[in-house]
Amino acid sequence: ADLAMYQAKEAGRNTVRFFDPAMQAAVDSRSALEDRLRRAIKRESFVLHYQVQVDREARPTGVEALIRWHDPDQGLIPPNDFIPLAEETGLIVEIGRWALAAACAQLARWQRDPGTAGLILAVNVSAKQFRQEDFVATVRGALEDWGADPTRLKLELTESLLLHEVEATIAKMDALRQLGVRFSLDDFGTGYSSLTYLKRLPLDQLKIDRSFVLDILTDANDAAIARAVIALGRSLGLTVIAEGVETVAQWDLLRREGCDQAQGFLFSRPLPADELGTHLAQLDQ
């Protein structure tokens, strides 16, 4: 009865749901996954892979760090299979701290290699992680601990940050900008887009979501949205990057509209750090 009640609430209340054994199975599966995830956090069973970002001439400008869970039984688990649960349970804060520290460590190593010293490293930050009181200190500490160049770190934020505590968000961003850290607004246009707040945020970049890029050649609405984001970015003095670019035709259209940068399978799949150098050399040829 309790499970059925929660199903009814999630459906918008004022409705009826009957218990089904599948409900219990789903709860048991979720509970088991949460237990495994908590153990993974204690053991730091995560790795970062890196997807290349390129400029209009397909020259590498940076990479985005993408987390993977290295499970002893299932191997590498992609983020879509565990990040939503981590967000719901609050475990994303601890996972985010690990990812930030690991990214800064990698950034410091790349600084010592002429082939990677110029890369910008983008790290995704969840709204819950960003809203922690010690977030600025956490970022500063990770940079200092590893000796990473703050001007080579780019934090990717989501629009959900604009829903609450806007002034506190701007204050934290300003504090990190003073260190040299850059900011990109991820998934722009998919959620709560407030132009009033957008013009006040100390951003460097807007990111066109892959959902708009996927059908950009066949869906006039997707093409119009991408065009509008590019125009908005230009008017605000921001660079614009498109994610999920998989074909030459998609990239040609985006470039014609003025898009500055791109990432996607056309240029690179997410790669472990030890394979990235070879791939970067191939792109530069």
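This is a predicted model: local features need pLDDT of at least 70, side-chain atom pairs count only at pLDDT 80 or more; totals for chains, interfaces and linings use all residues.

Q: Let us begin with a helix. How many residues does α4 have, and what distance does α4 reach from its first C-alpha to its last?

A: Helix α4 has 20 residues and reaches 28 Å from its first C-alpha to its last, close to the 28 Å expected at 1.5 Å a residue. With 12 residues, α6 reaches 17 Å between its end C-alpha atoms, close to the 16 Å expected.

Q: Which residues of α6 are buried?

A: The general idea comes from the turn of the helix. An α-helix has 3.6 residues a turn, so residues three or four places apart point the same way. In this structure, the buried residues of α6 are F135, V136, V139, G141, A142 and L143. Buried here means under 20% relative accessible area.

Q: What do the buried residues of α6 pack against?

A: They pack against α4, α5 (127-130), β5 (153-158) and α7 (166-179). After α6 comes G147, which has a positive phi near 70°.

Q: How do α4 and α6 cross?

A: A crossing is read from the distance between two axes, their angle and the handedness. The axes of α4 (residues 92-111) and α6 (residues 135-146) come within 8 Å, and they cross at roughly 35°. The crossing of α4 past α6 is right-handed.

Q: Which residues of α4 and α6 meet?

A: On the α4 side they are R97, L100, A101, C104, A105 and A108, and on the α6 side T138, V139, A142, L143 and W146. Sorted by kind, the residues of this contact are 9 nonpolar, 1 polar and 1 charged.

Q: Is α4 mostly covered or exposed?

A: Mostly covered: 14 of the 20 residues in α4 are buried.

Q: Which residues of the largest nonpolar core touch the most other members?

A: The largest nonpolar core has 80 residues, and F46, L153, L155, I208 and L254 touch the most other members. The element that gives the most to this core is α4, with 11 residues.

Q: What is L254 in contact with, leaving aside neighbours within four places in sequence?

A: Setting those neighbours aside shows which parts of the chain are brought together by the fold. For L254 the contacts are I208, V213, I216, A226, I230, A242, V245 and C259.

Q: Where is Q51, and is Q51 buried or exposed?

A: Q51 lies in strand β1 (residues 46-54). Its relative accessible area is 4%, so Q51 counts as buried. Leaving aside neighbours within four places in sequence, Q51 is in contact with G62, V63, E64, L66, Q263, G264, F265, S268, R269 and P270.

Q: G264 is among those contacts of Q51. Where is G264 found?

A: G264 is in the loop between β9 (261-263) and β10 (271-272). G264 is buried because its relative accessible area is 3%. Apart from neighbours within four places in sequence, G264 touches Q51, V52, G244 and V245.

Q: Which residues is L283 in contact with, leaving aside neighbours within four places in sequence?

A: They are V52, A58, P60 and F267. At 24% relative accessibility, L283 counts as partly exposed.

Q: A58 is one of those contacts. What is the phi of A58?

A: For A58 it is near 65°, a positive value in a residue other than glycine. A58 sits in the loop between β1 and β2 (60-71), and at 26% relative accessibility A58 is partly exposed. E44 also has a positive phi, near 55°, and is placed in the loop between α2 (21-43) and β1.

Key: Residues are numbered from 1 along each chain as its sequence is written. Side-chain values use heavy atoms; hydrogens and water are left out. Axes are lines fitted to C-alpha atoms, for helices over the stretch in contact, and angles run from 0 to 180 degrees between N-to-C directions. Helices (H or I, at least four residues) and strands (E, at least two) are DSSP runs, numbered from the N terminus. A crossing is left-handed if the near helix is turned anticlockwise from the far one by less than a right angle, and right-handed if clockwise. Contact means heavy atoms within 4.5 Å. Ala, Val, Leu, Ile, Met, Phe, Trp, Tyr, Cys and Pro count as nonpolar, Asp, Glu, Lys and Arg as charged, and the others, Gly among them, as polar. A nonpolar core is a set of buried Ala, Val, Leu, Ile, Met, Phe, Trp, Tyr and Cys residues joined through side-chain atoms within 4.5 Å. Buried means under 20% relative accessible area, exposed over 50%, partly exposed in between (1.4 Å probe, protein chains only). The expected span of a helix is 1.5 Å times one less than its number of residues.
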